[in-house]
Amino acid sequence: MIVRVLQTLMAFSGNAPPQLAVTRKLLEHGHEVRVLAHRAARPRIEATGAEFIPIERAVPNFDISRRETDTLRDWEARSKFTAGIRLRKHALLDFLGPISEECVALLETDPADVILFDWMLSGAAVAAERAGVPSVALVHCPYPLPVAGAPPLFSGVGWMNGPLGTARNRLLNRTFARFSAAGLPRLNRVRTAHGLAPLRAWEEQLLGADAIYVMTAAELDFSSRGELPANVHYVGPAFEPYSNEWHAPWPETNTDPLVVVSFSTSYMNQGQLAQRVLDAVGGLPVRALLTKGPALVSEELALPPNACAVDYVAHRAVLPHAALMVTHAGWQTINAALAEGVPLVCVPDGRDQPDNAARVVAAGAGVRVSKRSSAARLRRAIAAALDDPTLEAGAAAMAVALGRSDGALTIAEGISSIGKARSGENRGLRPG
């Protein structure tokens, strides 16, 4: 049976790849997929074979891959708190009403069997609820809602056992609840405009989805250690297809360890940090490969003799050859590295990256270094990581966990089941 899927996608650099892997898998299963997304995501969406529908009301030119087009500009904030406020407004609240309106209009002209939405675009869940259509949330980061017994996302802290850890997590979860409550009035105004009853807490909108799929292994996320709602499922990572051909730009006689350096495809004013890492690896007997993406400019970087820079290379093509990855700790970069058993030196820059790094450290698969570290401090951390067999063992264990299931396939099968159940209900039949 063909399931008609309306998918919403935010053109956040790290958000898109795992969600588009799901898009591809749904199309492979013969389903129809329309993707409502920002214009910057159009080429990647059309490459999957899905129908692209441009967002017209919710910051249509949203694109954070370059400084001049970035509307979030959280990297300008003077503190983590003010950066969080900016992200809450510009990456969550500003999209609520416009996305709900666009989804409602699309459902009225061309109904769907399932709404598949980026968890950050809660307006799509509002539209699904209004239309009586099942909704499925895709989580492309650690589980984003508070869970008793675990520190919440965006706290940036590591795992702590015992009574002190329990008390700390309880306090952090209360703080998170107060922070998210500031968006509740706006959410309820949107719901009221669509004839829906107001909610008591911000989290209720996401938790109302038929399924919430977290695209990683449970072993890599603190929240899996607590009691999760029944509709939350860890399904494994979702990776897009990639060419496994990679030709090293060094002579075959050079057998120095390969260190991959990656500092995000979104702009975070990371040029100076990338340069300090390059200066650090320049003093080590390694081959360093920097993947620049659109956010780093070659002319602004000085490469040491043992380093090469490329605009883009599929991480999973080069990582099987790598001994270590030095990264901003973006969630998709972490999943890609650990899926290949490659240890990490995490230098988190902002957003959820400190949280991601804390999870890598807790898994014994890498170390965390401050982004303010000198080149000498970074060099010591990289050298120590290369010589630490326990990190390699931790990364290997995560590779096993991440390799247990194909997240894209699991989600596609789940959506097929939801679509079939809805079809049976529409015919007056009992699901199953």
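Let me begin with a term: a residue is called buried when its relative accessible area is under 20%, exposed when that area is over 50%, and partly exposed in between, using a 1.4 Å probe and protein chains only. What you see above is a predicted model, in which local features need pLDDT of at least 70 and side-chain atom pairs count only at pLDDT 80 or more, while totals for chains, interfaces and linings use all residues. Residues are numbered from 1 along each chain as its sequence is written, and side-chain values use heavy atoms, with hydrogens and water left out.

Helix α11 covers residues 353-362, and because 8 of its 10 residues are buried, it is largely enclosed by the rest of the structure. Those buried residues are Gln353, Pro354, Asp355, Asn356, Ala357, Ala358, Arg359 and Val360, and the elements that cover them include α10 (331-339), β12 (344-346) and β13 (366-368). Here and later, contact means heavy atoms within 4.5 Å. Just after α11, Gly364 takes a positive phi of about 70°.

Next come two helix pairs, for which axes are lines fitted to C-alpha atoms, over the stretch in contact, and angles run from 0 to 180 degrees between N-to-C directions. Angles under 35 degrees count as roughly parallel, over 145 as roughly antiparallel, 65 to 115 as roughly perpendicular, and the rest as oblique. Helix α3 (residues 80-109) packs against helix α6 (residues 184-193) at an angle of about 5°, with the axes 10 Å apart, which makes α3 roughly parallel to α6. In that packing, Leu93, Asp94, Leu96, Gly97 and Ser100 of α3 meet Arg186, Leu187 and Val190 of α6. Helix α8 (residues 271-281) and helix α12 (residues 375-386), on the other hand, pack at about 60° with their axes 8 Å apart, and are therefore oblique to each other. The residues making this contact are Arg276, Val277, Asp279, Ala280 and Val281 of α8, together with Ala375, Leu378, Arg379 and Ile382 of α12.

Returning to α6, the loop between α6 and α7 (203-207) holds Trp202, which counts as buried at 13% relative accessibility. Not counting residues up to four places away in sequence, Trp202 touches Leu92, Leu93, Leu96, Ser122, Ser180, Gly183, Leu184 and Leu187.

Finally, how many aromatic pairs does a search of the whole structure find? It finds 1, where rings of Phe, Tyr and Trp (its six-membered ring) pair if their centres lie within 6.5 Å, and planes under 30 degrees apart count as stacked, over 60 as edge-to-face and the rest as tilted. The pair is Trp159 with Phe222, tilted, at 5.5 Å centre to centre and 50° between the planes. Trp159 lies in the loop between β5 (135-139) and α5 (162-181), and Phe222 in the loop between β6 (211-214) and β7 (232-234), so that the pair links distant parts of the chain, 63 residues apart. Trp159 counts as partly exposed at 28% relative accessibility, whereas Phe222 counts as buried at 1%.

Terms used: Helix = DSSP H or I, 4+ residues; strand = E, 2+ residues; numbered from the N terminus.
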